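Hi,

Here is the structure I promised to pass on. Please have it open while you read my notes below.

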Amino acid sequence: MNLFNFKQKNKPVIVCFHGFGRRRKDEFLPLLEYFKDYEVIIPELYNIEDETDSDWTHWINRAEKTVTDLASEGKRIILIGFSMGGVIASYCATKPNVEKLILLAPAFEYVNLGNATEFVSSFFDKKEKDESPYPELPSSFTMTFTNLVNNCKPAVEDIQVPTCIFHGLEDNVIHYSSSRKFYKKIPAKIKHLYLVEDVTHRIMDDPLHGEFTIKCIKTFIEEENK
């Protein structure tokens, strides 16, 4: 497992879980520009070049190990999850030392898709696929994704830490109604849901609203809970 680590002391550690896509850690590049004074860890949840890495429990175990290892060191932890990573972050939110949870277009329900394969292909048009520096996702990962989501999404009903969800109203991969539905299931006393106009699935990449969203995330992390 590769960890991308940006270290600073005296602040909580931010752990980012990537989505079901080809870019993995690179999904969080826009966010890293605003968190240079934090330690940020981005575990790679699967080996995109190994089609046999298709057991969803292994993906979850990698995420859990990252969180539990930090907790064993006494670190305070903030979880941020994008898309599939949002489901994983929700699952890990009850682990020791987790203080806050941020979900970006969490993939609790891919209701507008005929199947999970379209989930992947919808990220890229043909030209982008041809020019992409990232390898293709193995077809064996499709069922892994669906099994992971189906098994982990019930964990939202156990979330007690302050939680903030951002979802684009023009998301053509995961409809924003999914976040509305699961927001209501979160029992945490402090929770927020922001539905952002004119934004699609890749909320951090949006040229107009991505920066604003990331600044809102930083404010949520740094504000004192009352």
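Is Asp37 buried, partly exposed or exposed? With a relative accessible area of 29%, Asp37 is partly exposed; the scale calls a residue buried under 20% relative accessible area, exposed over 50% and partly exposed in between, using a 1.4 Å probe and protein chains only.

A word on the ground rules before the rest. This is a predicted model, in which local features need pLDDT of at least 70 and side-chain atom pairs count only at pLDDT 80 or more, while totals for chains, interfaces and linings use all residues. Residues are numbered from 1 along each chain as its sequence is written, and side-chain values use heavy atoms, with hydrogens and water left out.

Salt bridges

Asp37 sits in the loop between helix H1 (29-32) and strand E3 (40-43), and Lys218 in helix H8, so the pair ties together parts that are 181 residues apart in sequence. Helices (H or I, at least four residues) and strands (E, at least two) are DSSP runs, numbered from the N terminus. Lys218 is partly exposed, at 22% relative accessibility. Together with Lys11, Asp37 and Lys218 are linked in a network of salt bridges.

The count of salt bridges comes to 14. Among them is Lys65 with Asp69, whose closest N and O atoms are 2.6 Å apart. These two are separated by about one helical turn, because they are four residues apart in helix H2. Lys65 is partly exposed at 46%, and Asp69 is partly exposed at 32%.

In helix H8, Lys215 and Glu211 are also four residues apart, and therefore about one helical turn. Their closest N and O atoms lie 3.3 Å apart in a salt bridge.

Thr213 in helix H8

Helix H8 (residues 210-222) also holds Thr213, which is buried, with a relative accessible area of 0%. Its side chain reaches the backbone oxygen of His209 at 2.9 Å. Leaving aside neighbours within four places in sequence, Thr213 is in contact (heavy atoms within 4.5 Å) with Leu104, Phe166, Val196 and Ile203.

Strands E6 and E7

Strand E6 (residues 163-168) and strand E7 (residues 191-196) run parallel and are joined by six bridges; DSSP must find at least two bridges between strands for them to pair. Cys164 stands opposite His192 in E7.

Nonpolar cores

A nonpolar core here is a set of buried Ala, Val, Leu, Ile, Met, Phe, Trp, Tyr and Cys residues joined through side-chain atoms within 4.5 Å. The largest has 42 residues, of which Phe17, Tyr46, Leu79, Met84 and Ile88 touch the most other members. Several elements supply at least two residues each, including strand E2 (13-17), strand E4 (77-82) and helix H3 (84-92). H2 gives the largest share, six residues. Apart from this core lies another, of 25 residues, among them Phe82, Val196, Ile217 and Phe220.

Best wishes

Conventions. Polar contact = N/O pair within 3.5 Å; in protein donor to acceptor, adjacent residues only side chain to side chain. Salt bridge = Lys/Arg side-chain N within 4 Å of Asp/Glu carboxyl O.
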